[in-house]
Amino acid sequence: MSILKLPRGRELDLSQPHIMAVLNVTPDSFSDGGSHTSYDSAVNKALELLKQGATIIDIGGESTRPGAPDVSLEDELNRVIPVIKALRERSDCVISIDTSKAKVMAQAVAAGADLINDVRALQEPDALQTAAGLNVPICLMHMQGQPRTMQSAPKYDNLISEINDFFIQRIQACESLGIDKKQIILDPGFGFGKTLAHNYEILNQIDAFKIMGCEVLAGLSRKSMIGNLLSRDTDERLAGSLAGALIAAQKGAKIIRVHDVAQTSDVLKVWQACEKGLDNKGNLNVG
Ligand code: 7PJ
């Protein structure tokens, strides 16, 4: 049984799947179009996503889509810190900070964030040392290359074991600074230096990344692995994203990172009803 320890004595029980809702506060986020860059609307959107069934709000101020420009520290802080503070005042939900910058991690946790989600797996300057001092769960994501160039020619001799070798190396780096591996979540990083075929091989074998006692996060919502397979623009990828979310959850991913929370919640509830059974009042059996 895997339970993440959060600040202020709170916990996140990963024996069942959780929805992590994407809350981009970038002006250039590809599927949100910068529609809630003002703090108020970002917080209202977060509260709505929680009502729809998310347990984690993942707040990001850097766009990591292929080809996206780098964001300055100042811009990233100005985007995310006020939103974290304002959301924390209004909710005790799990707040995740999607960043690779040590200073953003530190200020985000001070402002009320509970979890670090780093697509660069704590490899930026000072990130590992800073994260080790913050005592929050950390999601380590695999990426081949850098966001600007990662999709140019992804190549692996052995996809699954190369990703796991990377995880083992990063977990060891974390442990060497005193981070408990029970606080680490692993994410194979759909679309981050992977071809279409790589992405589907990863999805099919996502349980293979449950190593060293760590649980797995899957983020494939609206990504090109859906769009390119189906020839769908970003606003037409809902059905494909839901199929991917369900497959990932059924194969053992415990955190599903999505944009379409209400629909993903419905899908997971149908699966859980089937899997766990219902009592005679229609409530999910516990355990
Ligand atoms: C991911 C992420 C992902 C984790 C993004 C997008 C691109 N963090 N941040 N995993 N993707 N942990 O949302 O499509 O897959 S940004």
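Colleague: Why is Lys210 called partly exposed?

Modeller: In this predicted model, Lys210 has a relative accessible area of 35%. Buried means under 20% and exposed over 50%, so Lys210 falls in between and is partly exposed.

Colleague: And what makes Glu215 count as buried?

Modeller: Its relative accessibility is 12%. The cut-off for buried is under 20%, so Glu215 qualifies.

Colleague: How do you know that Lys210 forms a salt bridge with Glu215?

Modeller: Their closest N and O atoms are 3.4 Å apart. The limit is 4 Å between a side-chain nitrogen of Lys or Arg and a carboxyl oxygen of Asp or Glu, so the pair is counted as a salt bridge. Side chains of opposite charge can pair when their charged atoms come close.

Colleague: What makes Asp260 and Arg222 a salt bridge?

Modeller: There the closest N and O atoms are 2.9 Å apart, and the limit is 4 Å, so the label holds for Asp260 and Arg222 too. Asp260 sits in the loop between E10 and helix H9, and Arg222 in the loop between E9 and helix H7, so the pair ties together parts that are 38 residues apart in sequence. Both Asp260 and Arg222 are buried.

Key. Residues are numbered from 1 along each chain as its sequence is written. This is a predicted model: local features need pLDDT of at least 70, side-chain atom pairs count only at pLDDT 80 or more; totals for chains, interfaces and linings use all residues. Side-chain values use heavy atoms; hydrogens and water are left out. Buried means under 20% relative accessible area, exposed over 50%, partly exposed in between (1.4 Å probe, protein chains only). Helices (H or I, at least four residues) and strands (E, at least two) are DSSP runs, numbered from the N terminus.
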